[in-house]
Amino acid sequence: MTKWLNTKIMSNLNVKQAQTQIINAESIRAEAEEILDSKDEDQLFENEIPENLNKLKLTKMSELIAKAINWLWKPFIALGTFTILSGEEGIGKTFLTLAIATAIANGNKLPFSDVAIEPSKVLFFSAEDSLSFTLKPRLDAMEANSENIFASSEPFTLDENGFELLRTAIAETEAKLVIIDPLFSYVGSKDINRDNEIRSIVNKIIEIAERYDCAILGIRHIGKSKGFGDARNAGLGV
């Protein structure tokens, strides 16, 4: 409205100047009051929004149906979401994820949960540990149902082609839990400390998790020089 009002005032004052009337602060104030008094609110704002302006899609919250969270492991890992597990090197992040994978594959109760889940498929992407020398012996020691666990150590990047590979693997295995260990071995040239670069990857992972109603668990390392001694503030990226 300000732009419109300024234009209107100057137009009117230019006419009056041509009629030899004096233009000063008082005349400008009087002209603005006269214009505002002669227009109702709708008229004042009707020209403010260009017809070709792009608009965001807005949804009334009253039109939405609230959805309950479907937990894979309550209250830690939910289906249809992306969860990050952070920790320092050597504290057992991979061991923990394999224990979770075993419980899901076997249909066992997870810690702090009173309900045993139905045995489900697990998909494990490992960029650091050998499938045969590290993951398989640990799974055997945990008595995991290896028929329900699929794994790959083949490198790929979470770009357009990589996301297609991820979607295909989830669809083929019907995995309920997908583990990416560590997450940032799969981001390629993206700078994990730049939000605008890593956010595009995270958003795509969330979209895939929602589409296939699975839980995607990303393992994240902690930066040694970050966090000022607090591991909660030291995660790399995201």
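Helices (H or I, at least four residues) and strands (E, at least two) are DSSP runs, numbered from the N terminus. The model is predicted: local features need pLDDT of at least 70, side-chain atom pairs count only at pLDDT 80 or more, and totals for chains, interfaces and linings use all residues. Residues are numbered from 1 along each chain as its sequence is written, and side-chain values use heavy atoms, with hydrogens and water left out.

Salt bridges come first. A salt bridge is a side-chain nitrogen of Lys or Arg within 4 Å of a carboxyl oxygen of Asp or Glu. Side chains of opposite charge can pair when their charged atoms come close. The structure holds 4 salt bridges. One of them joins Glu207 to Lys204, with the closest N and O atoms 3.4 Å apart. Both residues belong to helix α7, and because they are 3 residues apart, about one helical turn separates them. Glu207 is partly exposed at 43%. Lys204 is also partly exposed, with a relative accessible area of 26%.

Helix α5 carries a pair of this kind. Here Lys136 forms a salt bridge with Asp140, and the closest N and O atoms are 3.0 Å apart. The two residues lie 4 residues apart in α5, so about one helical turn lies between them. Lys136 has a relative accessible area of 37% and is partly exposed. Asp140 is partly exposed at 41%.

Another bridge links a loop to a strand. Asp213 forms a salt bridge with Lys176, the closest N and O atoms being 3.5 Å apart. Asp213 sits in the loop between α7 and β7 (215-221), whereas Lys176 is in strand β6, so the pair ties together parts that are 37 residues apart in sequence. Asp213 counts as partly exposed, at 32% relative accessibility. Lys176 counts as partly exposed too, at 26%.

Helix packing was examined next. Two packed helices are described by the angle between their axes and the distance between the axes. Axes are lines fitted to C-alpha atoms, for helices over the stretch in contact, and angles run from 0 to 180 degrees between N-to-C directions. Angles under 35 degrees count as roughly parallel, over 145 as roughly antiparallel, 65 to 115 as roughly perpendicular and the rest as oblique. The axes of helix α6 (residues 160-173) and α7 come within 11 Å and cross at roughly 20°. The angle therefore makes α6 roughly parallel to α7. The crossing of α6 past α7 is right-handed; a crossing is right-handed if the near helix is turned clockwise from the far one by less than a right angle, and left-handed if anticlockwise. Contact means heavy atoms within 4.5 Å. On α6 the contact residues are Phe163, Leu166, Arg167, Ile170 and Ala171; on α7 they are Ile201, Lys204, Ile205, Ile208, Arg211 and Tyr212. By class, this contact has 8 nonpolar, no polar and 3 charged residues. For these classes, Ala, Val, Leu, Ile, Met, Phe, Trp, Tyr, Cys and Pro count as nonpolar, Asp, Glu, Lys and Arg as charged, and the others, Gly among them, as polar.

The α4 and α5 axes come within 10 Å and cross at roughly 50°. Helix α4 is therefore oblique to α5. The crossing of α4 past α5 is right-handed. Thr94, Phe95, Leu98 and Thr102 of α4 make the contact with Leu135, Arg138 and Leu139 of α5. This contact has 4 nonpolar, 2 polar and 1 charged residues.

Several backbone features fall in loops. The peptide bond from Lys74 to Pro75 is cis, with omega near 0°. Pro75 is in the loop between β1 (71-73) and β2 (77-78). The bond from Asp181 to Pro182 is cis as well, with omega near -15°. Pro182 lies in the loop between β6 (175-181) and α7 (195-212).

Positive phi values occur at non-glycine residues. Phe112 has a phi of about 70° although it is not a glycine. The loop between α4 (93-106) and β4 (121-126) holds Phe112. Phe112 counts as exposed, at 71% relative accessibility. For Glu143, phi is near 60°, again positive in a residue other than glycine. Glu143 is placed in the loop between α5 (131-141) and β5 (149-152). Its relative accessible area is 66%, and Glu143 is exposed.

Methods: Buried < 20%, exposed > 50% of the residue type's maximum accessible area, 1.4 Å probe, protein only.
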